[in-house]
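Please read it with the coordinates open.

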Amino acid sequence: MDADVIIIGGGLAGLAASNELVRAGKRVAIVEQENAANLGGQAFWSLGGLFLVDTPMQRRLGVKDSFELAWQDWQGSAQWDRLSGPLPEDEWAQQWGRAYVEFAAGEKRAWLREQGIRFTPLVGWAERGDGRAGGHGNSVPRFHVPWGTGTGVSEPFADKAREAASAGSVRFFFRHRVDGLTYDGGTVTGVRGVVLAPDDSPRGVSSNRKVVGGFELQAQAVVVASGGIGGNHEQVRRWWPARLGTPPRKMVTGVPQHVDGRMLDIADDSGVRLVNRDRMWHYTEGIQNWNPIWPDHAIRILPGPSSMWFDALGRRLPAPGLPGYDTLGTLRLLRTTPELQQYSHSWFILNQRIIEKEFALSGSEQNPDITNRDLKLLLLTRLGRGASAPIEAFKEHGVDFVVADNLADLVGGMNGLTDEPLLDPALLRRQIEERDAEIRNPYSKDSQVTGIRNSRRYLGDRLFRTVKPHRILDPAAGPLIGVRLHTVTRKTLGGIQTNLDGQALGHDGSPIPGLYAAGEAAGFGGGGAHGYNALEGTFLGGCMFTGLAVGRALAQAL
């Protein structure tokens with residue numbers, strides 16, 4: 001035996017499992033196709049937000065939360081509907097969803113603290129939903145932002161793995177690509193694959209695929225923690241569901257190129273059951289990174305509620321197509337409307353006052369105040385005047401930004417970014433003025449304006465995320481800004497079906513001896529713990545939770 005357990009993938013899920021196994025005295029081999037600079041995986045690049053329920057941070061901001069409310073929101077968002085017939089795809093997914101909400105409302109915060117993760121005072125109100133009490137969305141703010149952003153989540157686990165390697169409990173096999181599982185009878189006993197040529201590319205940069213040798217490793221158990229398909233547009237298009245219309249002709253990419261999903265197909269070909277592969281999570285507020293790290297590198301705008309959202313033809317999106325409300329509902333709206341299907345973009349229109357208060361960018365490198373744990377810079381950036389330096393850099397250098405002092409010039413610049421002039425200045429002016437007319441009173445029939453005022457009733461948003469209601473066309477709030485938005489590929493919500501111990505199931509629904517799965521490869525638990533929709537802050541948490549569960553189960557079993 002080369003190890004007690006082989007973990008395929010050096011991302012957050014694999015590291016969480018490794019940490020538990022090392023604590024139990026087990027020997028672990030971590031097999032990763034990229035180099036050592038990429039230890040920690042996609043989590044390193046994220047904003048790092050974590051879904052937590054009924055915390056002191058929430059209560060300090062006046063938020064009343066509970067397990068019961070969170071579970072209501074999770075069920076309304078998941079909408080599991082594959083629960084009947086032989087081998088239902090959602091059988092274990094629903095149980096994992098329940099277990100995760102219990103974790104988020106119970107052990108999770110103390111456990112994170114044990115791992116060395118600390119939190120900022122910020123609790124965001126992400127994914128506000130479709131407007132139904134029992135439907136999709138967070139009823140209250142639950143998006144807790146850690147110090148260090150994604151690095152503050154991934155690096156404590158990476159550091160533990162490095163320490164364990166120094167002590168001999170963990171062996172890293174970087175630049176080793178798994179091409180298959182090895183079986184002895186019906187039991188998984190190891191992995192086989194190829195050794196890739198050395199490559200010292202920085203983290204996230206695409207590396208070579210030159211094969212220089214082969215390898216085989218044996219262990220008592222194998223954990224698949226290889227991630228999803230977000231970096232592979234061919235796979236995204238292959239599994240794109242009809243309910244979301246047609247995939248855009250042009251998409252941008254929110255994860256490194258090596259997030260290719262190939263291990264999922266390898267598992268499927270090896271007799272492992274994959275479910276809910278048509279469930280995926282892509283954002284509609286993507287902008288092209290002016291300083292890219294990987295091909296088609298996209299950054300997602302995390303918008304406050306005040307920007308106006310228009311389709312490619314200049315028509316205001318109806319609810320729930322509002323900034324920050326319903327990610328897949330907006331994607332569905334843009335991709336199933338027949339006259340829009342030929343276009344791959346939509347638009348935000350806002351002004352300088354809004355961008356200064358409400359725009360945030362997803363990513364550790366886009367939030368230096370939080371990533372560098374700089375409280376003074378955090379307060380200056382989030383409460384001071386002016387937009388943050390990363391936002392201003394995108395305004396200046398980003399190809400998707402247009403800035404103008406008046407609406408006619410703004411629309412002219414926006415039309416200059418598309419193959420043909422699709423936007424009618426008169427139509428846009430009428431819609432913006434109609435919205436602006438709703439600002440004069442503290443009440444409104446406009447659902448977005450109502451949402452803005454609702455947002456400002458939450459202290460956290462009033463301080464950090466939602467500007468005081470004002471007219472978009474108010475010259476004192478200018479200049480005007482137009483932002484071209486793209487679909488940015490991100491997360492896989494389906495995957496390897498697992499039971500609550502993380503054991504991978506075969507095509508017949510029975511556990512495969514010796515094989516486990518965690519993280520995005522397992523649909524963040526059971527092959528679909530999120531169901532059709534995510535509540536945000538649940539991806540990194542899902543990686544850690546499934547890794548923790550697998551590690552604990554294996555520590556007891558071996």
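The points below take up the basis of the note, the surface patch, the cavities, the salt bridges and the backbone.

1. This is a predicted model, in which local features need pLDDT of at least 70 and side-chain atom pairs count only at pLDDT 80 or more, whereas totals for chains, interfaces and linings use all residues. Residues are numbered from 1 along each chain as its sequence is written, and side-chain values use heavy atoms, with hydrogens and water left out.

2. On the surface, Leu 375, Leu 379, Leu 383, Leu 459 and Leu 463 make up a nonpolar patch whose members together have about 400 Å² of accessible area. Patch members have over 30% relative accessible area and no salt bridge, like charges being joined within 9 Å and nonpolar side chains (Val, Leu, Ile, Met, Phe, Trp, Tyr) within 5 Å; the areas come from the Shrake-Rupley method with a 1.4 Å probe, and for residues only the protein chains shown count as cover. Two or more residues of the patch come from each of helix H12 (375–383) and helix H17 (459–464), the largest share, three residues, being that of H12. Helices (H or I, at least four residues) and strands (E, at least two) are DSSP runs, numbered from the N terminus. Leu 383, which lies in helix H12, is partly exposed at a relative accessible area of 47%, where buried means under 20%, exposed over 50% and partly exposed in between (1.4 Å probe, protein chains only).

3. Searching the whole structure gives five cavities of 30 Å³ or more. A cavity here is a set of points, on a 1 Å grid over the protein atoms alone, where a 1.4 Å probe fits but cannot get out, and lining residues have an atom within 4 Å of a point; grid points are joined across faces, edges and corners, and a volume is the space filled by probe spheres set on the points.

4. The largest cavity holds about 100 Å³ of space. Its lining consists of 13 residues, and those nearest the centre are Leu 334, Arg 335, Ser 344, His 345 and Ser 346. Helix H9 (327–336), strand E15 (345–351) and strand E18 (480–492) each give two or more residues to this lining. By class the lining of the largest cavity has six nonpolar, six polar and one charged residues, with Ala, Val, Leu, Ile, Met, Phe, Trp, Tyr, Cys and Pro counted as nonpolar, Asp, Glu, Lys and Arg as charged, and the others, Gly among them, as polar.

5. For the second largest cavity the space is about 40 Å³. Among the residues that line the second largest cavity are Trp 74, Trp 96, Tyr 100, Phe 524 and Phe 545, and the elements giving two or more residues are helix H4 (91–105) and helix H18 (539–557). This second lining has six nonpolar, three polar and no charged residues.

6. The structure holds 35 salt bridges, each defined as a side-chain nitrogen of Lys or Arg within 4 Å of a carboxyl oxygen of Asp or Glu. One of them joins Arg 128 and Asp 461 (2.7 Å, N to O); the pair links distant parts of the chain, 333 residues apart, with Arg 128 in the loop between strand E4 (119–124) and strand E5 (143–146) and Asp 461 in helix H17. Both Arg 128 and Asp 461 are buried.

7. In the salt bridge between Arg 315 and Glu 339, the closest N and O atoms are 3.0 Å apart. Arg 315 lies in the loop between strand E14 (308–310) and H9, and Glu 339 in the loop between H9 and E15, so the pair ties together parts that are 24 residues apart in sequence. Arg 315 counts as partly exposed at 29% relative accessibility, as does Glu 339 at 37%.

8. The peptide bond from Ala 319 to Pro 320 is cis, with omega near 10 degrees, and Pro 320 is placed in the loop between E14 and H9. Arg 175, although not a glycine, has a positive phi of about 60 degrees, and Arg 175 counts as buried at 6% relative accessibility.

Definitions and conventions:
1 Å grid on protein atoms, 1.4 Å probe; cavity = no way out; pocket = protein on both sides within 12 Å on 5 of 7 lines; lining within 4 Å.
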